[in-house]
Amino acid sequence: MMDWHIVVALLVSGTLVGIINTLAGGGSIITMTMFMAFGLPINIANGTNRIVVLMQNLAASITFIRKKSFNINHGLLLSIPVIVGNIIGALVSHHMTDMVFKICFGVILLVIMVYLLFDNKIKIKEGHNIKIKPLHYLWFFLIGFYGGFIYIGIGYLILAVTLWLMRMDLVTANAIKGFVILLATPFSLAVFMIMGDVDYTFGIVHGVGNMIGSFLASHYMANWGKNFIKIFMAVIVAICFADLMGWLSLHDFFYALLSIKE
């Protein structure tokens, strides 16, 4: 039986992660730290996180669909190359090194940061009448490959392509991001389930918190204003980049916050 303080910690942190991931990304760092702080081995924490991601993006996507924030046909079309790439990337993921991860993730974070700070044409909501070109399918295939190969930071990569190359507005880009990840995640989750690397209790409790945060962010995003969302995303990107470079440690921070020794 899970202690009540663990339940509360998972729900509260899950709500925060849901908001962060719906507006930007990088919340999985918090999720992984919380899981390991409460005793889950890293492989099980990684597998359990897929339940959280699935529940979080389900909540966000339902809200975005109800609010007609994106064209669902566009989401389905862009999901196909992501799923194919995800499967291929997963098959070769055992070749990944820490250096490869840091280089890829670091470049993505810098691209998003530059875009947020210097692109004054960024829009929060202007509609979602986008045109999908053949090259876009290639980009989303590469996104899927990256997701299967590394996974962490896939949300930022989707934002980089949708905001910069496809010129989507912030709401549509985040809606497409959540929907694509929602459809692709079951494939990686199934692998971890088969391997027995999933703690369903931790995943579901933390996932409920994520659903609450995702609902709040997706429901009120358009009302928070472009500047708030840009600043929020920029701060989260900066924190993730600092953690990646070793300038700070979110892992150590949350361990200290929970007063739990490794």
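**A tour from the surface patch to the aromatic pairs**

Start by selecting helix α9 (residues 200-220), which contributes the most to a nonpolar patch, with seven residues. Helices here are DSSP runs of H or I with at least four residues, numbered from the N terminus. Before you go on: this is a predicted model, where local features need pLDDT of at least 70 and side-chain atom pairs count only at pLDDT 80 or more, while totals for chains, interfaces and linings use all residues. Residues are numbered from 1 along each chain as its sequence is written, and side-chain values use heavy atoms, with hydrogens and water left out.

Now show the whole patch: M193, Y200, I204, V208, I212, F215, L216 and Y220. Together they have about 690 Å² of accessible area on the surface (Shrake-Rupley, 1.4 Å probe, with only the protein chains shown counting as cover). To join a patch like this, residues need over 30% relative accessible area and no salt bridge, and nonpolar side chains (Val, Leu, Ile, Met, Phe, Trp, Tyr) are joined within 5 Å. A salt bridge would be a side-chain nitrogen of Lys or Arg within 4 Å of a carboxyl oxygen of Asp or Glu.

Pick F215, found in helix α9. F215 is partly exposed, at a relative accessible area of 41%; buried means under 20%, exposed over 50%, and partly exposed in between (1.4 Å probe, protein chains only).

Next stop, T31 in helix α2 (residues 28-37). T31 is buried, with 0% relative accessible area. Display the side chains of T31 and H206 to find a polar contact at 3.0 Å (a pair of N or O atoms within 3.5 Å; within protein, one must be able to donate a hydrogen and the other to accept it, and residues adjacent in sequence count only if both atoms are side-chain atoms). Leaving aside residues up to four places away in sequence, T31 touches V17, N49, V52 and H206, where contact means heavy atoms within 4.5 Å.

On to the rings. The structure holds three aromatic pairs. Rings of Phe, Tyr and Trp (its six-membered ring) pair if their centres lie within 6.5 Å; planes under 30 degrees apart are stacked, over 60 edge-to-face, the rest tilted. F70 sits in the loop between α3 (42-66) and α4 (72-91), and F179 in helix α8 (residues 170-195), 109 residues apart. F70 is buried at 6% relative accessibility, and F179 is buried at 5%.

Last, select F241 and W247, an edge-to-face pair at 5.7 Å centre to centre and 70 degrees between the planes. F241 is buried at 16% relative accessibility, whereas W247 is exposed at 63%.

Methods
Helix = DSSP H or I, 4+ residues; strand = E, 2+ residues; numbered from the N terminus. Patch = residues over 30% accessible without salt bridge, like charges linked within 9 Å, V, L, I, M, F, W, Y side chains within 5 Å.
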